[in-house]
Amino acid sequence: YAEGVGEGGLRTFSVNKMDDPGLVELLQKHAPSYNGKREPTWLTSLLGWILPAVFFVGIWMFMAKRMSGGSGGLMSIGKSKAKVYMEKGTGITFDDVAGIDEAKEELEEIVEFLRTPERFQALGGKIPRGVLLVGSPGTGKTLLAKAVAGEASVPFFSISGSDFVEMFVGVGAARVRDLFEQAKKHAPAIIFIDELDALGKARGAGSFGGHDEREQTLNQLLTELDGFAPNAGIILMAATNRPEILDPALLRPGRFDRTVTVDRPDVKGREAILRIHSKGVKLDADVDLHRIAVRTPGFAGADLANVINEAALLAARRNKNSITMDELSEAIERAVAGLERKSRVLNEKERRIVAYHEAGHAIVGELVDDTNPVQKISIIPRGVGALGYTLNTPLEDRYLMTKAELLGRICGLLGGRAAEDLVFKENSTGAANDLMRATQLAEAMVKEYGMSETLGLVAHREDRNQNQFLGMGASERAYSEETARRIDEEVADIIGSSYKRAVELLTSQRDELEQVVAILFEKEVMEGEELRRILGKAPADGDPGHESANGNAPTAPGAGTSVVVPPDIDTPEQPA
């Protein structure tokens, strides 16, 4: 459309953009003098410049957020992944910890320093810079660390040893630096590294030349441990169940000054742990937690918590209003032997072999081993390959075993094979697990405990070299071929004499053997007190209606490595 005449008599037109290839030719023919220009509007400027800029800024912000995200993006790859619990954030105190009183006492000093550091500094005392918690899985190492943080009411930085390791070189060391920098800003504070062996493995083990990333991370941790000020108020706690593979530089004074052993609880500790875990469940009035504690030797805190939980699930499945001793007993058997496999139907011959086998275990074990009375006999298949089992429960926690007790233990293990030979005059594969465990005990007696009159008081243990530790080689034998031959002969003699003793006992108790088998065929399960009545023995501690002299389990003598006596579980070998 025309907008009028402009300067010089030129006529101005405003037109829309036209896609006409012949327009220029027409203009040249009819209007020799012409020109044109495109006048931008504010909308055109907005669409042409601002929107593309906004688009690219949005893409940049999205990528930056993805690269520095909370899940450990690229921009934050050197940042620590520690979870921070600020002041009582753990919700755990020493009241929630039981069965490891000695370890609690060791850590109370750490709590006192974090609460009142000036009291120690006034006397010139220095708090340990690092505390290493050592113990078997499930004993409560992480729980203790959380309890320390909850009692001290200080920030608690929790991280796993594997969180330091990444595919990029230098990331682990950067995360160590960042972790300690964060802790210094919130001092006094506790840094807790779980599974320290993933980070602190001895340098040189597994790295064939070169300075690998894990060693660099460990070097940075060693520097941070020995570098911050003594009064900074930062305490490093770590937990591991493999202290033997840690680098020696970690364990020297000035780094991890104190090592706290978190051992499996004794009978009193197990009872205390059971009481803590049973607070949130409804127990029947007839439940005796002391009897449950006596029946669970070698159980750690996590195992006992699982027993309570399994019993609660069983009671709910059976539509009961409370947990009874039946559910707790069944939960213990599940933890020890596995789930019942009633769907696995044995033929008559196999059922007879299993019944005589387990009856042989029970009778021989009850007669030769007074310290571990039989708790239950069953011919119901359990777990993967157990066709039956005999459960022997120690009367008390044991820390030492005599030669006579070890020989009795071997004799009891061989009782199942002896019963099969006595009754059927042939062997089956059901004694494979028994023979393996009996042989291991006999070898330990000869090679480690010095209980062989022929070989004397010499320990013949294999030295493990580094290649074997890495799973790449065999152990190096530190004795001659002649000594090895004598060891084999002595082990075979122990097994042979124990087997002969088991056969003699079952021969003299043949009538009792038949009675036990008859009950097993009828009920499939037999309690220990019923076996003791058949054998004419007095009731044992833990039997219904029988209490120990002081109402508690006897105190275990001595100190040292706890001896855990597992139940006899027969696992037949599968045919090739």
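Visitor: Where is Val-364 found?
Guide: Val-364 is in helix H12, which covers residues 348-368. Keep in mind that this is a predicted model.

Visitor: Is Val-364 buried or exposed?
Guide: Buried, because its relative accessibility is 0% and the cut-off for buried is under 20%.

Visitor: What does Val-364 touch, leaving out residues up to four places away in sequence?
Guide: Cys-411, Gly-412 and Gly-415, and also Ala-502, Leu-505 and Leu-506.

Visitor: And Leu-413, how many residues from Val-364 is that?
Guide: The two are 49 residues apart in sequence. In space, their C-alpha atoms are 8.5 Å apart.

Visitor: On to the surface. Which residues gather in the patch of negative charge?
Guide: The patch consists of Asp-101, Glu-102, Glu-105 and Glu-108, together with Asp-263 and Asp-266.

Visitor: Where is the place of Asp-263?
Guide: Asp-263 lies in the loop that runs between strand E8 (258-262) and helix H8 (267-277).

Visitor: Which residues form the nonpolar patch?
Guide: Phe-55, Phe-56, Ile-59, Phe-62 and Met-63. Together they have about 550 Å² of accessible area on the surface.

Visitor: Changing topic to backbone angles. What is the phi of Glu-195?
Guide: The phi of Glu-195 is positive, about 55°, although the residue is not a glycine.

Visitor: Which loop is Glu-195 in?
Guide: The loop between strand E6 (189-194) and helix H7 (213-225). Glu-195 is partly exposed there, as its relative accessible area is 35%.

Visitor: What about Glu-524, what is phi there?
Guide: Phi of Glu-524 is near 70°, again a positive value in a residue other than glycine.

Visitor: And where is Glu-524 found?
Guide: Glu-524 sits in the loop between helix H18 (510-523) and strand E11 (525-527).

Visitor: What is the relative accessibility of Glu-524?
Guide: It is 29%, so Glu-524 counts as partly exposed.

Technical notes
Residues numbered from 1 in each chain as written. Predicted model: local features only at pLDDT ≥ 70, side-chain atom pairs only at ≥ 80, totals over all residues. Heavy atoms only, no water. Helix = DSSP H or I, 4+ residues; strand = E, 2+ residues; numbered from the N terminus. Buried < 20%, exposed > 50% of the residue type's maximum accessible area, 1.4 Å probe, protein only. Contact = heavy atoms within 4.5 Å. Patch = residues over 30% accessible without salt bridge, like charges linked within 9 Å, V, L, I, M, F, W, Y side chains within 5 Å. Areas by Shrake-Rupley, 256 points an atom, 1.4 Å probe, with all protein chains shown as cover. Salt bridge = Lys/Arg side-chain N within 4 Å of Asp/Glu carboxyl O. Lys, Arg positive; Asp, Glu negative; His and termini not counted. Charge placed at Lys NZ, Arg CZ, Asp CG, Glu CD.
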